[in-house]
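Here is a short tour of a sheet and a helix that rests on it. Have the viewer open and follow along.

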Amino acid sequence: MSFFMIEGASVVFRGLRAVSSVGLSMDKGQIHGLIGPNGAGKTSLVNAISGLVPLAAGSIVLEGRELHHLAAHRIAAFGIGRTFQHAEIFADRTVGENVMTGGYAHRRSKLYQDLLGTWRKVTLERQVRAEAEAMLAAFGLLHLRDTFAGDLPFGTLKKIDLARALMARPRVLMLDEPTSGMNNVEAQDVIASCRRIADEFGVTLLVIEHNMRVIMGLAQIIHVLDHGEMIAEGTPSEVQKNPRVIEAYLGQGAAHA
């Protein structure tokens with residue numbers, strides 16, 4: 001059995017099938033890409049995996065544990081993380097505080113400890129702050145620790161979002177357009193970060209990316225959706241040669257889709 005599996009996943013909105021019987025599997029530490037034209041069902045699938053929308057049919061299994069019947073916060077607790085297409089950042093908080101918020105998912109204190117400021121609460125705060133600073137350093141953001149996030153460009157916010165997601169210690173991390181809004185230098189930096197995440201942290205990545213050059217150079221396996229159906233999957237070279245992909249997606253002649 002694969003480390004992470006989706007079988008027969010379907011998502012229905014008001015009678016319209018956004019995702020239809022989609023399946024994929026990923027091994028630990030792999031980087032997979034998820035591509036397709038606008039409206040293909042990519043974000044709907046990711047939303048279903050993370051529990052934000054219900055599955056109409058199918059299953060989601062991580063290391064033998066079925067997750068599809070769980071609430072979103074329980075799915076996250078079992079190790080499924082994600083970032084969003086538009087970085088969900090607290091603009092009135094510092095970069096350090098934003099990244100720290102990701103560290104509380106797996107380190108919980110009791111309410112009375114929070115209210116009384118007990119040694120356990122103080123220790124937790126110190127541990128999370130130290131982890132956040134280490135994560136910021138790994139992304140070259142430590143010098144921005146005390147800067148308010150609202151003062152920073154969009155490309156930097158995407159990196160902060162990625163660092164925060166890793167603070168939750170996910171085993172599978174889904175990235176929704178991680179290089180959008182970035183120039184080529186920034187995008188290459190994020191690509192390198194993604195590879196390091198998979199190698200050093202052992203995190204399995206599922207990446208939605210509209211920039212074909214980025215995803216073809218990053219992913220080991222690529223899955224292609226069109227009108228909610230999986231029309232192809234394989235290595236980047238296999239996908240680029242697939243007639244259905246060329247017709248539905250690559251044949252549009254755009255570098256983005």
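The text below goes from the whole sheet to one strand, and then to one lysine.

This is a predicted model, in which local features need pLDDT of at least 70, side-chain atom pairs count only at pLDDT 80 or more, and totals for chains, interfaces and linings use all residues. Residues are numbered from 1 along each chain as its sequence is written, and side-chain values use heavy atoms, with hydrogens and water left out.

**The sheet**

Let's begin with the open sheet, whose six strands run in the order β6-β7-β8-β3-β9-β10 with mixed pairing. Strands here are DSSP E runs of at least two residues, and helices are H or I runs of at least four, numbered from the N terminus. Two strands pair if DSSP finds at least two bridges between them. At the edges lie β6 (80–82) and β10 (229–234), each pairing on one side only. From one strand to the next, the twist averages 20°.

**Strand β7 and its partners**

Strand β7 (residues 172–176) pairs with β8 (residues 204–208) in the parallel sense over five bridges. β6 and β7 also pair in the parallel sense, over three bridges.

| Residue in β7 | Stands opposite |
|---|---|
| Leu173 | Gly81 |

Between β7 and β8 the chain passes through helix α7 (residues 184–200), giving a right-handed β-α-β crossover. Right-handed means that, with the strands pointing away from the viewer, the path from the first strand over the helix to the second runs clockwise.

Is β7 covered or open? Five of its five residues are buried, where buried means under 20% relative accessible area (1.4 Å probe, protein chains only). Val172, Met174 and Asp176 are buried on one side, and Leu173 and Leu175 on the other.

Why does Lys159 count as buried? Because its relative accessibility is 14%. Its side chain reaches the backbone oxygen of Phe139 at 3.5 Å. Leaving aside neighbours within four places in sequence, Lys159 is in contact (heavy atoms within 4.5 Å) with Phe139, Leu141, Met182, Asp189 and Val190.

How values were computed
Buried < 20%, exposed > 50% of the residue type's maximum accessible area, 1.4 Å probe, protein only. Polar contact = N/O pair within 3.5 Å; in protein donor to acceptor, adjacent residues only side chain to side chain. Axes fitted to C-alpha atoms, helices over the stretch in contact; angles between N-to-C directions.
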